Amino acid sequence: MFDVLLLPVLVACVVSFAATRLCIALAVRLRFLDRPGTEAHKLQARAIPYGGGAGMAVALAAGLAAAAWLPALGAGPNHLVSDAAVVDHGSLLPVCLGALALFVVGLIDDLRPLPPRVKLAAQALAAAVVVPLADLGIDTFQHQPVLYYGVAWAWLVLVSNAYNLLDHADGLCGSVATVSLLAIFSGALLSGDVELARLVLVMVGAIAGFLVWNLPPARVYMGDAGSLPLGFLVGCGTLSVTFWPSGESGSQLAVLTPLLLTALPLFDTATVVIKRLRRRVPIMKGDRNHISHRLGRLGLTPRRSLLTVVALQLALAAGALQLRTDDLLSGVVVLAQSAAIFVAVVFLETTRDHE
């Protein structure tokens with residue numbers, strides 16, 4: 001079972017490492033670089049090659065191909081897992097095509113920046129097509145089709161955009177996404193959905209190979225070609241996992257698990273938007289008020305800033321998984337702890353601003 005589960009992950013990780021290294025060389029040769037000072041939020045002192053998004057895309061395709069070649073988990077004469085663990089998610093094709101479309105949009109934006117509204121419209125269109133075709137909905141509203149698909153559509157657009165905005169510091173977007181995906185993997189295993197768990201791990205492997213080159217100091221950036229489809233896939237993952245199976249006891253607050261898993265990117269997006277509104281500047285205009293910028297103003301180095309954000313994401317993800325089986329009171333405690341984390345972060349981040 002472990003060979004069938006982990007082999008596609010290993011393939012994705014190795015291919016990602018090699019493909020990203022090749023993309024670095026090609027980007028330098030083609031002058032496909034992210035130059036300092038071209039946008040307000042960019043802090044690097046030198047030009048950094050793009051191409052990480054392409055490396056991850058190739059690795060993800062390789063990992064999915066390996067998973068398709070291997071026997072399905074739960075299928076076959078020896079049954080790698082019990083029959084009850086086999087969950088029919090339908091075709092993955094709509095999700096893959098949606099991610100591919102956003103990869104193309106992101107690549108175009110990396111080559112020649114697109115207006116923010118165009119990128120947002122592309123995310124909205126991709127979500128509008130994928131949600132009904134892949135039957136990604138909010139189970140709470142399963143008897144109300146408009147809300148079932150409508151809320152899922154809004155969720156995908158929100159999460160995709162939040163991860164896109166989170167890609168403003170070395171290693172940040174990939175590291176936060178990895179924690180979220182590992183929590184989704186855990187939720188899939190707890191639900192007995194090992195096939196989905198394997199596919200989520202393939203995504204983790206693709207990110208891991210890229211992060212070798214992207215951790216501070218970064219040698220390559222994923223660009224919008226990486227962050228747009230990455231946020232989209234994380235959003236699809238949160239909609240695909242049943243965090244509160246109907247046959248199990250547990251708090252109904254478990255339906256908030258996807259919100260906690262993506263709370264940090266959403267918090268960063270909300271903070272940036274609020275600050276821009278208060279300053280009466282366009283909300284689509286970039287600035288240096290993202291979480292890594294604010295931590296940097298407190299004196300943290302890029303690596304310590306990254307570790308701080310990852311620690312926050314780990315705490316939120318751990319709490320999110322506790323919502324699955326705990327009673328209502330325990331769920332309220334988890335939500336209160338998560339809220340307290342963000343209150344502490346706000347106080348710390350705004351200290352330098354007040355000074």
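**Close-up views of a predicted model**

**View 1. The largest nonpolar core and the residues at its centre of contacts.** In this predicted model, the largest nonpolar core has 80 residues, and those with the most contacts inside it are V95, L136, L156, Y163, L181 and F232. A nonpolar core is here a set of buried Ala, Val, Leu, Ile, Met, Phe, Trp, Tyr and Cys residues joined through side-chain atoms within 4.5 Å, where buried means under 20% relative accessible area, exposed over 50% and partly exposed in between, with a 1.4 Å probe and protein chains only. Helix α7 (residues 194-214) gives the most to this core, namely twelve residues; helices (H or I, at least four residues) and strands (E, at least two) are DSSP runs numbered from the N terminus. A second, separate core has six residues, among them I48, Y50, A218 and Y221. Residues are numbered from 1 along each chain as its sequence is written, and side-chain values use heavy atoms, with hydrogens and water left out. Because the model is predicted, local features need pLDDT of at least 70 and side-chain atom pairs count only at pLDDT 80 or more, whereas totals for chains, interfaces and linings use all residues.

View 2. Not counting residues up to four places away in sequence, L136 touches V95, V130, V131, Y148, Y149, A152, L156, C236, L239 and S240, a contact being heavy atoms within 4.5 Å. D135 is found in the loop between α4 and α5 (145-166) and has a positive phi of about 55 degrees although it is not a glycine. With a relative accessible area of 45%, D135 is partly exposed.

**View 3. The packing of helix α3 against helix α4.** The axes of α3 (residues 93-111) and α4 (residues 116-133) come within 9 Å and cross at roughly 170 degrees, the axes being lines fitted to C-alpha atoms, for helices over the stretch in contact, with angles from 0 to 180 degrees between N-to-C directions. That makes α3 roughly antiparallel to α4, a term used for angles over 145 degrees, while those under 35 count as roughly parallel, 65 to 115 as roughly perpendicular and the rest as oblique. From α3 the contact is made by P94, V95, G98, L102, V105 and D109, and from α4 by K119, A122, Q123, A126, V130 and L133. By class, this contact has eight nonpolar, two polar and two charged residues.

View 4. S16 lies in helix α1 (residues 2-30) and is buried, with a relative accessible area of 0%. Leaving aside neighbours within four places in sequence, S16 is in contact with G55, M56, A59, G205, A206, G209 and F210. R31, in the loop between α1 and β1 (33-34), has a phi near 60 degrees, a positive value in a residue other than glycine, and R31 is exposed, with a relative accessible area of 52%.

**View 5. The cis peptide bond at P217.** The peptide bond from P216 to P217 is cis, with omega near -5 degrees, and P217 is placed in the loop between α7 and α8 (224-240).

View 6. Where pLDDT is low, the predicted coordinates should not be read in detail. For the protein chain the mean pLDDT is 86, and 87% of its residues reach 70 or more.

Notes. Ala, Val, Leu, Ile, Met, Phe, Trp, Tyr, Cys and Pro count as nonpolar, Asp, Glu, Lys and Arg as charged, and the others, Gly among them, as polar. pLDDT is the predictor's confidence in each residue, from 0 to 100.
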